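Student: I've got a model open on my screen and I'd like to talk through how it packs. Can we go through it together?

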Amino acid sequence: MDLFTECLIKRRKHFKEYVVIFPLITLGFTATLAYLAFVPGTIFSGALLAALVLMWWGIYIAISNRNLEYEYTVTNSDVDIDVIISRRSRKRIVSFNIKDIDIIAPIEKLENDDFGKTIDASAHDMRYDVYYISVVLNGVKTKILINPTKKILDIFEQIRPERVVRGEE
């Protein structure tokens with residue numbers, strides 16, 4: 001019997017992202033006001049208008065690239081975690097086999113944090129339970145943070161029951 005499930009989690013913006021967004025918008029408005037106050041009617045107005053439009057396009061791209069979604073796909077014992085940026089592009093973050101994991105457990109049960117690498121593919125939202133997966137990838141002990149659904153946990157438990165620690169449901 002083939003096992004398959006996928007889950008899409010939208011990442012919630014947090015304070016650090018707004019710290020980046022606010023100055024970009026402020027810069028855009030300041031440059032627009034400066035253009036309107038000083039430039040119209042000068043010989044450089046066309047070139048500066050083009051630069052202003054390009055700047056706003058860059059600001060739009062920078063802000064929209066902060067809209068992230070994570071897709072967890074489990075096919076039999078293979079797990080793929082992708083990041084989807086602004087619903088435009090998809091990038092594979094990590095792939096591993098469930099048989100290779102050391103443990104999957106709620107983040108509250110994390111006893112020691114001696115990982116060489118951390119991959120955060122969680123929603124940063126209190127409505128979802130955060131689990132960590134400990135797995136060795138390319139010789140480096142890696143902690144992967146995810147928000148699995150019950151079905152994803154069931155598949156992990158079906159393949160490696162001794163490695164799954166469940167939280168309160």
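Student: Which residues does Phe-96 touch, leaving out those up to four places away in sequence?
Tutor: Keep in mind that this is a predicted model. Phe-96 is among the residues with the most contacts inside the largest nonpolar core. Leaving out residues up to four places away in sequence, its contacts are Ser-77, Asp-78, Val-79, Ile-81, Ile-101, Ile-133, Val-135, Leu-137, Ile-144 and Phe-156.

Student: Okay, take Ile-133 from there. Is Ile-133 buried or exposed?
Tutor: Ile-133 sits in strand β7, and it touches residues including Phe-96, Ile-144 and Phe-156. The cut-off for buried is under 20% relative accessible area. Ile-133 has 0% relative accessibility, so it counts as buried.

Student: How many residues does the largest nonpolar core have?
Tutor: Phe-96, Ile-144 and Phe-156 have the most contacts inside it. The elements giving it two or more residues are β1, β2, β3, β4, β5, β7, β8 and α3. The core's residue count is 29.

Student: Now the open sheet of 4 strands: which strands stand at the edges?
Tutor: The order is β1-β2-β3-β4, with antiparallel pairing. An edge strand has a single partner, so one side of it is left without a neighbour in the sheet. That picks out β1 (4–10) and β4 (89–97).

Student: And which residue is the bridge partner of Ile-9 in β2?
Tutor: β1 and β2 (residues 68–75) run antiparallel and are joined by 7 bridges. In β2, Ile-9 is partnered by Tyr-70.

Student: At what angle to β1 does helix α3 run?
Tutor: Helix α3 covers residues 150–159 and lies across β1, β2, β3 and β4. Its angle to β1 is about 135 degrees.

How values were computed:
Residues are numbered from 1 along each chain as its sequence is written. This is a predicted model: local features need pLDDT of at least 70, side-chain atom pairs count only at pLDDT 80 or more; totals for chains, interfaces and linings use all residues. Side-chain values use heavy atoms; hydrogens and water are left out. Two strands pair if DSSP finds at least two bridges between them. Contact means heavy atoms within 4.5 Å. Axes are lines fitted to C-alpha atoms, for helices over the stretch in contact, and angles run from 0 to 180 degrees between N-to-C directions. A nonpolar core is a set of buried Ala, Val, Leu, Ile, Met, Phe, Trp, Tyr and Cys residues joined through side-chain atoms within 4.5 Å. Buried means under 20% relative accessible area, exposed over 50%, partly exposed in between (1.4 Å probe, protein chains only).
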